[in-house]
Amino acid sequence: MIASIRAAWFADRKRPAVWTVAATWTVLAIAFGIGIPYVVHLALSGDPAQAEAADTLLTSVLPERVVPTGIALFPLFGGAMVVILGALVVGNEYRWGTLNLIFTQRPRRAQVMLGHAAALGALTLLLVLGTFAALGVVTSVLALVEGRGSDWPPAGDLLGALAAGWLICAAYASLGYFLAIAFRGAATAIAVGLVWTLLVENAVGGLALVLKPLGLVQKVLLAPSAGSLAGALGARSQFEGGTPGVIESSGPWLPAIVLILYVLVLVGLGTWLAVRRDVN
């Protein structure tokens with residue numbers, strides 16, 4: 001098993017697609033989380049009537065708000081990028097035909113696929129750490145430029161945000177992992193994953209506002225659960241002018257449990273499918 005994880009990790013960190021997705025996501029996180037609010041702050045700061053709104057926007061891009069600002073990015077924008085990452089990591093193995101060769105060697109199929117899942121989990125952890133590190137650097141620079149103090153959130157809050165971000169990314173990556181195995185490739189898996197998470201689940205979430213029976217369905221969907229977890233950690237709901245994808249939550253435990261189940265079920269189903277099905 002350790003050998004399978006090491007082999008998958010070696011292959012993943014050599015893939016240009018992995019680095020491209022990670023770099024693209026980091027740029028988008030800084031742009032959406034910090035850049036756009038700060039540009040709007042600059043535009044409003046010259047208007048005395050908008051002084052309060054401008055100050056609120058500036059506060060949101062300072063180190064003291066890095067936890068809600070960072071975690072709010074993952075339910076919608078980050079989730080979509082991680083679905084792509086999960087599909088690419090596994091789907092390209094089918095595209096290049098490497099699984100055919102590997103499965104004829106000594107490692108069992110389950111070990112090979114779980115090795116890919118473990119390596120994918122490590123990649124998502126590094127992605128979350130890199131995201132918060134980049135946001136921390138940029139917010140610190142802005143605090144220095146604006147002459148504001150760098151008051152960081154408590155260590156416990158920051159660790160909780162890192163854990164929540166990792167859980168959200170792991171759930172989305174598991175979806176990409178499963179779809180790549182189901183469709184034996186990356187392209188269709190990416191298309192289906194993005195349509196499901198960005199369109200279908202968000203449409204159900206919108207309809208749940210007027211059709212109460214859909215409220216129960218919403219609680220067990222991937223995107224709303226990720227948004228609820230972000231909302232429980234202090235991110236502003238999309239219905240209150242916050243980041244799209246974030247919704248109100250009564251607590252972090254239910255969405256966290258749902259996301260954990262997504263990881264276990266999707267990785268389990270994907271691995272089972274790869275073991276039981278012939279690879280052509």
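## Helix packing and aromatic pairs

Helix H2 crosses helix H3 in a left-handed sense. The model is a predicted one. H2 spans residues 16-44 and H3 spans residues 51-60; the two pack at an angle of about 155°, and their axes lie 8 Å apart. Angles over 145 degrees count as roughly antiparallel, and H2 and H3 are therefore described as roughly antiparallel to each other.

On the H2 side, the contact is formed by Pro-37, Tyr-38, Val-40, His-41 and Leu-44, which meet Ala-53, Ala-54, Leu-57, Leu-58 and Ser-60 of H3. Eight of the residues in this contact are nonpolar, two are polar and none is charged.

The structure also holds three aromatic pairs. Two of them are set out below.

| Pair | Distance between centres | Angle between planes | Class |
|---|---|---|---|
| Trp-25 and Phe-74 | 5.7 Å | 50° | tilted |
| Phe-32 and Phe-77 | 4.9 Å | 10° | stacked |

Trp-25 belongs to helix H2 and Phe-74 to helix H5 (residues 74-96), so this pair ties together parts that are 49 residues apart in sequence. Both Trp-25 and Phe-74 are buried. Ring pairs also link Trp-25, Phe-74 and Phe-132 into a cluster.

The pair of Phe-32 and Phe-77 likewise joins H2, which holds Phe-32, to H5, which holds Phe-77; the parts it ties together are 45 residues apart in sequence. Phe-32 is partly exposed, with a relative accessible area of 38%. Phe-77 is also partly exposed, at a relative accessible area of 25%.

How values were computed:
Residues are numbered from 1 along each chain as its sequence is written. This is a predicted model: local features need pLDDT of at least 70, side-chain atom pairs count only at pLDDT 80 or more; totals for chains, interfaces and linings use all residues. Side-chain values use heavy atoms; hydrogens and water are left out. Axes are lines fitted to C-alpha atoms, for helices over the stretch in contact, and angles run from 0 to 180 degrees between N-to-C directions. Helices (H or I, at least four residues) and strands (E, at least two) are DSSP runs, numbered from the N terminus. Angles under 35 degrees count as roughly parallel, over 145 as roughly antiparallel, 65 to 115 as roughly perpendicular and the rest as oblique. A crossing is left-handed if the near helix is turned anticlockwise from the far one by less than a right angle, and right-handed if clockwise. Contact means heavy atoms within 4.5 Å. Ala, Val, Leu, Ile, Met, Phe, Trp, Tyr, Cys and Pro count as nonpolar, Asp, Glu, Lys and Arg as charged, and the others, Gly among them, as polar. Rings of Phe, Tyr and Trp (its six-membered ring) pair if their centres lie within 6.5 Å; planes under 30 degrees apart count as stacked, over 60 as edge-to-face and the rest as tilted. Buried means under 20% relative accessible area, exposed over 50%, partly exposed in between (1.4 Å probe, protein chains only).
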